[in-house]
Amino acid sequence: MPSFLDKAWSPYVAGVAIGLLQIPAFLMVETALGASSSYVTVGAFLASWGAPSLLKIDYVARHVVANAKNWWQVALVVGIAIGAFISMKMSGAKRHAISPIWTRALGSPSPALRYAVAFTAGFIMLFGARIADGCTSGHGLSGLAQLSVGSTVAVVAMFAGGIVVASLMLRRI
Amino acid sequence: MGTVALGVLSGLLMGIVFGFALEKSRVFEPGIIVGQMQLSNFIMLKVFLTAVATGALVLAVLNGFGFVKLQPKAALYAADAVGGVLLGAGIALAGACPGTTLAQIGVGYRDALFTLAGGLFGAVAFSYAQPWLDKALIGTGPKLIFSDLVGIPYWQGAIALAAAIVVLLFVMERLRPWRDDLRTDNDGNARSAVAESGGRMVPAE
């Protein structure tokens with residue numbers, strides 16, 4: 001039986017736990033699991049302090065308005081960090097400050113290089129997710145489960161883009 | 001309690017479960033995600049497909065009995081394709097997706113803070129470009145689902161999808177047991193496992 005103290009669970013046990021989260025999402029918030037629109041909510045909320053005109057863009061206004069759905073998703077991703085922290089503490093896992101795979105993948109042990117790549121990657125990732133209107137959670141977990149045609153296109157494109165870039169731009173880990 | 005406060009509270013609780021499961025499955029590890037994209041590690045696909053199948057079964061019941069309405073996104077083929085490719089490229093270089101970035105921060109991966117910052121800037125940059133991109137690329141589309149195209153009820157299509165995924169996972173697990181992909185530190189880091197066992201590299205395929 002999987003224990004909270006285990007270092008690793010079967011992907012099937014964890015996958016079922018994640019899939020079951022659709023129940024409270026649909027019943028309580030009338031939405032599907034997703035993560036990437038929270039970046040618009042938080043990013044635009046912070047940026048609007050310096051640039052209030054940002055809030056005049058319809059898309060931004062829709063994402064920062066204080067409704068249950070917007071701030072539910074922000075709370076969800078904050079909860080993800082807390083849950084991962086709790087799990088790590090319970091299993092007693094020790095982590096490096098940067099995963100050791102990056103030295104090989106990037107061909108350099110430089111933390112500055114890794115930080116620059118991570119920042120750029122985060123930028124591209126969210127820019128793309130917002131064009132597609134969803135990420136691994138919204139299009140992947142939720143879209144595929146709902147048999148969405150558009151989400152299927154997005155997920156195929158996501159894996160295609162990921163496989164090409166990981167094969168051509170990163171060294172084999 | 002207001003609806004926003006209730007939403008935040010339920011989001012926080014669900015997020016904790018989500019993050020716990022992401023950490024336990026190891027799928028949030030850069031080594032697992034990059035390994036998946038290099039087709040040398042299959043834990044990510046296993047967690048992902050299991051969650052999709054579970055979600056499909058759950059929604060087959062909830063929607064089939066009329067408790068909930070489906071919330072599919074509009075099919076915007078150009079945006080889905082272009083955005084999806086960029087998203088995937090970002091995931092490969094970040095070693096994280098928008099959700100797992102937060103799990104990496106939770107366990108103390110320092111580079112994930114830069115992924116998060118880049119993501120927030122990317123989301124704001126998109127917001128500025130959105131009025132233009134909406135006209136040039138994104139547009140509007142119908143909320144298409146496959147079961148409607150085939151002409152069967154959603155619940156039947158969802159059960160069929162879940163069944164197909166279960167068969168696929170059985171085959172994948174036979175070919176590649178999940179424990180083999182954890183490696184020594186449960187982080188998908190292949191080389192240190194080889195170094196410590198003194199063994200030779202086993203080809204991925």
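Predicted model: local features only at pLDDT ≥ 70, side-chain atom pairs only at ≥ 80, totals over all residues.
Helices here are DSSP runs of H or I with at least four residues, numbered from the N terminus.

**View 1**

**View 2. Helix 3 of chain B and its surroundings.** Helix 3 of chain B covers residues 43–64, and its 22 residues reach 31 Å from the first C-alpha to the last, which is close to the 32 Å expected at 1.5 Å a residue. Of these 22 residues, 17 are buried, so helix 3 of chain B is largely enclosed by the rest of the structure.

**View 3. The side of chain A that touches chain B.** Contacts between the two chains involve 120 residues of chain A and 120 residues of chain B. Helix 5 of chain A, residues 68–91, supplies the largest share of the side of chain A that touches chain B, with 19 residues. Sorted by class, that side of chain A consists of 81 nonpolar residues, 30 polar residues and nine charged residues.

**View 4. The helices of chain A.** Chain A contains nine helices and zero strands, and its C-alpha trace spans about 45 × 40 × 35 Å along the principal axes. Among the 173 residues of chain A, 58% are buried. When contacts in chain A with a separation of 6 or more are considered, 52% of them are accounted for by residues 24 or more positions apart.

Notes. Residues numbered from 1 in each chain as written. Chains lettered and ligands numbered in written order. Helix = DSSP H or I, 4+ residues; strand = E, 2+ residues; numbered from the N terminus. Buried ≥ 20, exposed ≤ 12 C-beta atoms within 10 Å, placed from the backbone. Contact = placed C-beta atoms within 7 Å. Nonpolar A, V, L, I, M, F, W, Y, C, P; charged D, E, K, R; others polar. Expected span 1.5 Å × (residues − 1).
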